[in-house]
Amino acid sequence: MQTGQERTDKNGTGVASEYLTFTLGSEEYGIDILKVQEIRGYDTVTHIANAPEFIKGVINLRGVIVPIVDMRIKFKVGVPTYNEFTVVIIMNVLGRVIGMVVDGVSDVVALSGDQIKPAPEMGAALDTDYITGLGTLNEQMLILVDIEKLMSSEEMQVMEQAN
Amino acid sequence: MTQSEQNNNIDLNQFNQVFFEECAEHLAEMEQILVSLPDEGPDEEQLNAIFRAAHSIKGGAGIFGFKDMTVVTHVLESLLDRMRNHEIHFSTAMVDLFLEAGDVISMQLAGHRDGAFVRQEAIEQISAKLQQVIDAGSVVTPVGSASAAMTAVSEEIALSETVASEHSCQRYELVFTPDPDIFRRGIRLENLFAELEELGELTVTVGLPATTDFNTIDPEICVCSWRMTLFTTASEADIRDIFEFVADVDQLQVLTTSENALENRDSADSELIAKVTLPEIPRPEVAGEPGADTFGNAIGRRSYDKNELAPGAYGRRTSEAESSIRVGVTKVDQLINQVGELVITQLMLAQTAAVLDPVLHENLHRSLLQLERNTRDLQQSVMSIRLVPISIVFSRFPRMVRELAAKLGKQVELKTVGDSTELDKGLIEKITDPLTHLVRNCMDHALEIPETRIASGKEPCGTITLRASQVGGRIVIDVIDDGAGLNRAKILAKAAERGIPASDNMSDEEVWQLIFAPGFSTAECVTDISGRGVGMDVVLRNVQSMSGRVNIASEPGKGTRVTISLPLTLAILDGLSVAVGPEKFIIPLNSIVESLQPAPESLKTVNGRNVVHVRGEYIPIIALYELFNMDALVKEPGKGILILIDVEGEKAALLVDALLDEHQVVIKSIETNYRKVEGTAGATILGDGRVALILDVNSLFRMRKQK
């Protein structure tokens, strides 16, 4: 488990790591690019009985059943609309394939250690535990998410907690 | 784990796996032949086959560095070789001995493969026993001490190779395990080693048991053992003299090896050291066993080894083995998955093309039809790869029956019918335990002792028949005995005693079902074979976990038949797709009784819950939309369609919006990337590429009870 943060720490400030940035409502987020498998459009999902609201259901990704979570509902940012611009980031997290609905994918950026600042305690919907830091790029703030920690957390209910 | 194994890289481990599989096969083959031997003894061919199996195991073990496995096999091989040469004659006792040897080798195999515990004493014992048989029937100098079994073999080599003369320099391997109180007796070991050194060149290695904790160790108690290599012209007696007042005879093991055999031995030697100091060997005295496991392999080549091209020599395989290849299960599963994808793609194509004008696109339609046929054939062929003959399971029973019969003092003949019936590999693994249990039950409870059988006018020898056959899409396995049959009165009495609901006017069929209740046993006494009442319920559970069913038919005095019916495979399921709101679900066909549109007057409520009246029965209605918190088109039972399901006699009616189609669906796991979803047994991909959940009817019942 090596997040972008850890990589830069190990190598001092020299080497930057890359993040895929995406928008949820008006906020800009970033996740470690190495966790991203592919990006695709939003398709009809099969609803899963008695699952939390932010788990949209499962899709067939070339024969593999993949759960889809909507971070806009989970983080309570933006309005969850589904149209031809809605994007799903398919990620590889802890050996599992999980899809994440976002409003749009913006860019891939490289951030070095000194560009990342620790996140303040906020007690917000998104627990600070899952934020590796806040990055700044061209006057814009990036919320860097530890996607592994987030997806394996109990509140996401994506993985069996026994694991 | 031996040192050489630790040195292996990953590639070698892969080969090790092949060796394990082959070794297991050879053992099974050996056992099969042994069990089927006629009383007058094996014929040439059978003897050769057993010999080949033993030899192949030994050879493989040597090559792959499992030196300890060569010990028993070597002695076994020697004995068999002498039997082949008619130097030793067959006796029935040998069969048991050989079987026991096979068990010890299996144990060692399991030790290497799964890290299972290996009883070193068992290896010693069986080697000694086999050696005794050899000694008894041959001219080789008999050796008094049982633990010196290997010495005899070595001496035999020395004789046959006539290299070492009595006065030449000999190499001795000494294993010295002193009494724990040796220090308290004031014995100075330095003096002992000094004396040994006077005889020749001495190398000493000390071994400590794995459990040694240096914080709590008592320095006055000796926990060490020593291994020594000594080159000397002195005789074994001279060496033993030195130990005269220090060690009892059984505390010192002396192995002689001629110097000539030495060159081959360096690897074994280094391994010996590893063995001694290796922490994971769970026994109190590290060097407690004879050096056998490391020396056995070094005995050198025997005359028959040179004869590899002689008729009947090892290295030959039956033609059956040659016509098969070994492929990893994951590869096969991958192939099955890919074909599953292909089937879905083909379905999508067919759906898309269905709207096209058949006249304008005649060629397309014809090609698509062909594609459909081809994919279906392909799928069938691929599924058949996973199928293995049930003889793999059946073949383990002759031995079990033989041994149990002897133990119970019964005469039993085991018949197997339909050995070549094929079953999914996953099912084969899971069916073994339930079948074993059923056969044990037959042996212990059903079949009578010969006297009782004769008294009731039956043959003294009872029969157990294992019969497998394919009936439609299912595999049916019968376990039939001609024993006493189930005792209705006894079962009912027992049920009453155990508080299991039962009544005298139950049908036979229902009474037989009672024996599946947990904790049920009518056996008067609990034996180590059966009778603890943890059996039939487990059998039922196991079979049900494979979507199978168990039925019992029994007639007093005539016998009992237990029938297990299983689906052909677990990867594909026959299902009915139904619509509930926007979603589609698959209901396994084997749990569906019928579907109906209820008449308004047949719908009633009990305590506010809906029931439907079907042919005199009130069946509870489960509304899927309610259970799954969904929006459905139809919310009133009177307007929708009810699907009657029946699982183990428990019935319910599922309310759905509409019936769609009947499919063969490929079962996919949801849990791979998500968690278990209650009420479902997995998911599948429909013709339109969408995911549909497969309902698990059992867990639906559970969910309903929780609500």
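How much space lies in the second largest pocket?

1. The model is a predicted one, and in it the second largest pocket holds about 1600 Å³ of space. This pocket is lined by 50 residues, of which Arg474(B), Ser547(B), Gly548(B), Pro567(B) and Asn590(B) are the closest to its centre. Sorted by class, the lining comprises 22 nonpolar, 17 polar and eleven charged residues.

2. Chain B contains an open sheet of five strands, which follow one another in the order S6-S8-S9-S11-S10 and whose pairing is mixed. The edges are formed by strand S6 (412–417) and strand S10 (549–555) of chain B, each of which pairs on one side only. With direction ignored, neighbouring strands of this sheet are turned against each other by 15 degrees on average.

3. Another helix to examine is H17 (residues 425–446) of chain B, which lies across S6, strand S8 (462–471), strand S9 (474–481) and S11 of chain B. Helix H17 of chain B runs at about 20 degrees to S9(B).

4. Further along chain B, strand S15 (residues 603–606) and strand S16 (residues 609–614) pair in the antiparallel sense over four bridges, and Thr605(B) has Asn610(B) in S16(B) as its bridge partner. S15(B) and S16(B) form a hairpin with two residues between them, and in the turn Asn607(B) has a positive phi of about 55 degrees.

5. Turning to chain A, its secondary structure amounts to three helices and eleven strands, which read along the sequence as α-β-β-β-β-β-α-β-β-β-β-β-β-α. Of the 163 residues in chain A, 52% are buried. When contacts in chain A between residues at least 6 apart in sequence are considered, 56% of them join residues at least 24 apart.

Technical notes:
Residues numbered from 1 in each chain as written. Chains lettered and ligands numbered in written order. Predicted model: local features only at pLDDT ≥ 70, side-chain atom pairs only at ≥ 80, totals over all residues. Heavy atoms only, no water. Pairing = 2+ DSSP bridges. Axes fitted to C-alpha atoms, helices over the stretch in contact; angles between N-to-C directions. Contact = heavy atoms within 4.5 Å. 1 Å grid on protein atoms, 1.4 Å probe; cavity = no way out; pocket = protein on both sides within 12 Å on 5 of 7 lines; lining within 4 Å. Points joined across faces, edges and corners; volume = space filled by probe spheres on them. Nonpolar A, V, L, I, M, F, W, Y, C, P; charged D, E, K, R; others polar. Buried < 20%, exposed > 50% of the residue type's maximum accessible area, 1.4 Å probe, protein only.
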